[in-house]
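Dear colleague,

I am handing over the structure we spoke about, and my notes follow directly after it. Please read them with the model open beside you.

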Amino acid sequence: MFATFILQVLVRYSARMPWIAENMPWLQPDNFGWTLEFCLAVWVWLVFWGNAFVVRNHDHVTFDVLYVAVSPAMRRIFAVITGLAIAIALFISIFPTWDRFMILRLKRTATLADLFGDWIRMRDIYVIYIVFLLAVSIRYLSRVWHAFRYGVEEPETSTMPRSRS
């Protein structure tokens, strides 16, 4: 993705130089329209793949003032209820989303066909969202099971290092 972005910048600014346009006609910006769509597609995949499989729960920003203030038994209840709510909501949204994706199977990308051929469809780019919904649903169900069975971990009260004075 980064290399494609650098190529995009290089082509955009080199096209303004007349001697490059005359001596290297293959370096015309019209030949590199696919770079923008490619970067956007890779970005979508990175965001949803990363959030489904790479980002850990404690890496997320949380507003846990109430959660930290209650007893461990109440934290367990909070974890079970919110985990079930998130898992069920995401899981239920899979089927309507998949129905929408069936429409996207007909839409071709604007410029990626130049690079990959005519077979790539918009559904292929956004199908990672279905994987995200399924993976995060399973992750939250797992957290619910763990909270129900073993309780919840003690929350960190501060993430800032203490100064020694």
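Accessible areas here come from the Shrake-Rupley method with a 1.4 Å probe, and for residues only the protein chains shown count as cover. On that basis the protein chain exposes about 12100 Å², of which carbon and sulfur atoms supply 66%.

Two remarks on provenance come before the details. This is a predicted model, in which local features need pLDDT of at least 70 and side-chain atom pairs count only at pLDDT 80 or more, while totals for chains, interfaces and linings use all residues. Residues are numbered from 1 along each chain as its sequence is written, and side-chain values use heavy atoms, with hydrogens and water left out.

Overall architecture

The protein chain has eight helices and zero strands, where helices (H or I, at least four residues) and strands (E, at least two) are DSSP runs numbered from the N terminus. Along the sequence this gives the pattern α-α-α-α-α-α-α-α. The radius of gyration, taken over C-alpha atoms, is 23 Å for the protein chain, whereas a compact globule of 165 residues would have a value near 15 Å; the globule rule is 2.2 Å times the number of residues to the power 0.38. Along the principal axes, the C-alpha atoms fill a box of roughly 75 × 55 × 20 Å.

Of the 165 residues, 27% count as buried, a class that means under 20% relative accessible area, with exposed meaning over 50% and partly exposed in between (1.4 Å probe, protein chains only). Taking a contact to mean heavy atoms within 4.5 Å, residues 24 or more positions apart account for 72% of the contacts in the protein chain with a separation of 6 or more.

Individual residues

Glu37 is found in helix H3 (residues 34-54) and counts as buried because its relative accessibility is 18%. Leaving aside residues up to four places away in sequence, Glu37 touches Thr109, Ala110, Thr111 and Leu112. Leu46 is also in helix H3, but Leu46 is exposed, with a relative accessible area of 52%. Leu46 and Pro18 are 28 residues apart in sequence, and their C-alpha atoms are 37 Å apart in space.

Arg75 lies in helix H5 and is buried, since its relative accessible area is 5%. A polar atom of the Arg75 side chain lies 2.9 Å from the backbone oxygen of Val70.

Lys107 is found in the loop between helix H5 (72-104) and helix H6 (112-116), and it is classed as partly exposed because its relative accessible area is 48%. Beyond residues up to four places away in sequence, Lys107 touches Arg121 and Met122. The C-alpha atoms of Lys107 and Arg121, which are 14 residues apart along the chain, are separated by 5.8 Å.

With kind regards

Conventions:
A polar contact is a pair of N or O atoms within 3.5 Å; within protein, one must be able to donate a hydrogen and the other to accept it, and residues adjacent in sequence count only if both atoms are side-chain atoms.
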